[in-house]
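Welcome! Here is a short briefing to read alongside the structure.

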Amino acid sequence: MTALRATGVFDVPEPPGLRRLTTLASRLLGSPTALVSLVLDDRQVFVSQVGLPQPWADRGETPLSHSFCQHVVDDDAPLVTSDARLDDRLKDNLAIPEIGVIAYAGMPIRVDGQTLGSFCAIDGKPRDWSPGDLAILEDLAAAVATEIELVRAARHAEETSAVVRRILEVSQDAYISIDAAGVVLEWNPAAEKLFGWTRDEATGGDLATMVIPEIYREAHYTGLARVRATGESKLAGQRIELPAVNRSGHRFPVEFTLQSTSHGGRTVFHAFLHDISARHESQRQLRRQAELIDAAPAAIIVRTPDGTIRFWNKGAEQMYGWPASAAVGRNIHSLLGTVFPDGSAAMQTALATDGRWEGEVTHRRVDGRSVVVLSRHVLRPDSEGAGSEVIETNTDITARRTAEEMLATSERQFRVQFHQSTVGQAIVGLDGLVLHVNEAYARMIGYRPEELIGRRNEDFTHPEDRAEGVVMTSRLYSDEWSAYERTKRLIHADGHLVDVHIGVRLVRDADGAPLHLIGVIQDITERTRAERERDATQAVLAERNAQLELANSELQRANLLKLDLMGMLSHDIGTPLTSILGYGEMLLESDLPPPIATPTSKIMRAARRIDDLRHNVLAMCTVSETRLRTERQRVELADALRDALDAADQDVPISCPPSAAVLVNPAHLRQIVVNFLTNARKYGGGATGIEVTVDGLATRIAVRDEGPGVPEGLRDHLFERFTRAGDTEAAGHGLGLHIVVSLAEANGGAVGYQPGDPVGSLFCLTLETA
């Protein structure tokens, strides 16, 4: 059934070729009826007929009950009978009585190897078909098959042509065909829209003058001439980008593919074109975006989820020092030594669940320096759509983090200074209400600090002194003054007056807007009373001043002497002592006989005691001059304690959390711990352990020994100058622990002593946790 429909003969009027063949068969065979019968599942259809009686002629078909041709199809063989009435197979066929079919000769019609029907000759009376008749009928059946194939081919060609026309009509690409002379043969609606010329205007015209910019036309004509001469085109089969112009003269880029065909020796070119202005603009936008990405001050990195770097912008090169050629293809976390605040697992989980993660991480530059960055990770599909990638944007906040740490340190120091200061301090809002006061100020006027918060500052000022304060404060607001000082009277909680000297400054924000007032208040009641008595005691003060000047002169001479002593200890004694220690070490390392080795060891111990005394005296002089200054820094305790043990030439167990760190001068920390270790060796039989305990903002370092401990009567004076146990035989001068106190206080810490349990001593150093 499908093969029959595919022939197309059912969908067109009787093909003239089939009509001529049926007429020819009737004339050559002398048969009144000739048929081209195609057999379907339920009937036979006559696509061409001659001599068929009515009503069958008008119907053009019969049911299979009236069909001899069905047997030709079923058997795929000719069917020939002289008298169907005598044929057992055909005698009951209704075609005999109703159509008058007596003699029948039918040949198979084969198309593409399938038997589709029968080409037959029919007579209404008995007849013997000669071999010549059958040969003619067979040849004509083959001609019928050929004619059906032509009908099918014509139909296919027509359908194909219609499809092509429809495709060209709806195509988004402009279609243009020209001959070898450049004359337009075809021009679809998309070409009309693209170039502005209608199909009627374009066909038959010169393509060059309509779409090719003038500067390229000569090359176009030269190419066409070469095609006409050689029959070959260099551009055929290629995808080409060239500028084009439309009817209004607007120039724009087009992309096209060119193919050539030849029909009867005539070359025809076919081109599909489309405007690529948007693509060019997109490319320009991409280039601009790439330039912007490279110009961005942040590091912009594209990587795979497992960390392999795909893109590395100029900002990343500048931030980390690695060029893109060295970074791309490497694992970002290995290259930069990424340290996540909570480990990389938290970042991976956030990307998997939320598609993004943000936090601060630490990276390592090419020069080994660490940088703190604010890192933002966004997960997205990759450009190929087959997986995912991570866009990582990193901003260097090392300076900001340092500034924040410095600010936090400054704020801590301010809070300590504010609340522990012996001078009264108060912060007052712009509305005159007290925001903060320290203990010294509250105590000055007889209140607790919390009782003053939220009350008006004027409530504690003597009424006669309030107006002056208002005037002076107004000058702060108007930028006439940055600060002012004055004396006034405060009203104590019990009613008596307190004379104070107050300094007031207006604090502004970064934009210059007022924030609050801060005041420093000093109780000058006694000073005021003293000033009233000053005239009576002027002579006495003058005399005392002379005495002080004399004493000061003596102090200066003593200070010069101390400086000379320090120089002598540092150079005149230090230089030969260093030589003694050096040569002594060399002697001890050599193979000396016992009579010499023992005295040499004693000499070295004495020299070391002299050197310790020299260093302690120098440190004591520095402390006495109140010139001891230090710069604290973050120190990892485990490493520092091991360094101190090396300096003390001792091997003592250390119990220290791996992450413990303090703010301290490293040299001062080493000197304090070495002093503790040396004392333990002198007085306690040697240190038995160093223990570190971290408690919030404070970290305690304790050196433990199991010696006899410090006598109870000596403990209160243990850290005073020249304090030593009277019954000890150990060498010493009593300055070490006093110097330790000064060093600890210079670093914002403290030292202490605890008796061991059940025996021994525990010398402790407490410092600020880093």
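Helices (H or I, at least four residues) and strands (E, at least two) are DSSP runs, numbered from the N terminus. This is a predicted model, where local features need pLDDT of at least 70 and side-chain atom pairs count only at pLDDT 80 or more, while totals for chains, interfaces and linings use all residues. Residues are numbered from 1 along each chain as its sequence is written, and side-chain values use heavy atoms, with hydrogens and water left out.

**Around Asn-665**

- Look for Asn-665 in the loop between strand E24 (661-664) and helix H24 (666-683).
- Asn-665 is buried, with a relative accessible area of 17%, where buried means under 20% (1.4 Å probe, protein chains only).
- Beyond its neighbours within four places in sequence, Asn-665 is in contact (heavy atoms within 4.5 Å) with Thr-630, Glu-631, Arg-632 and Asn-747.

**The five-stranded sheet**

- An open, antiparallel sheet is built from five strands in the order E18-E17-E21-E20-E19; two strands pair if DSSP finds at least two bridges between them.
- Strands E18 (434-437) and E19 (483-491) are at the edges with a single partner strand each, so one side of each has no neighbour in the sheet.
- Six antiparallel bridges link E17 (residues 424-429) with E21 (residues 514-523), and Gln-425 stands opposite Val-520 in E21.

**Helices on the sheet**

- Helix H19 (residues 463-477) packs on the sheet and touches E19, E20 (497-508) and E21, with its direction at about 160 degrees to that of E19.
- Helix H20 (residues 525-533) lies across E19, E20 and E21, at about 120 degrees to E20.
- For these angles, axes are lines fitted to C-alpha atoms, for helices over the stretch in contact, and values run from 0 to 180 degrees between N-to-C directions.

Notes:
Buried means under 20% relative accessible area, exposed over 50%, partly exposed in between (1.4 Å probe, protein chains only).
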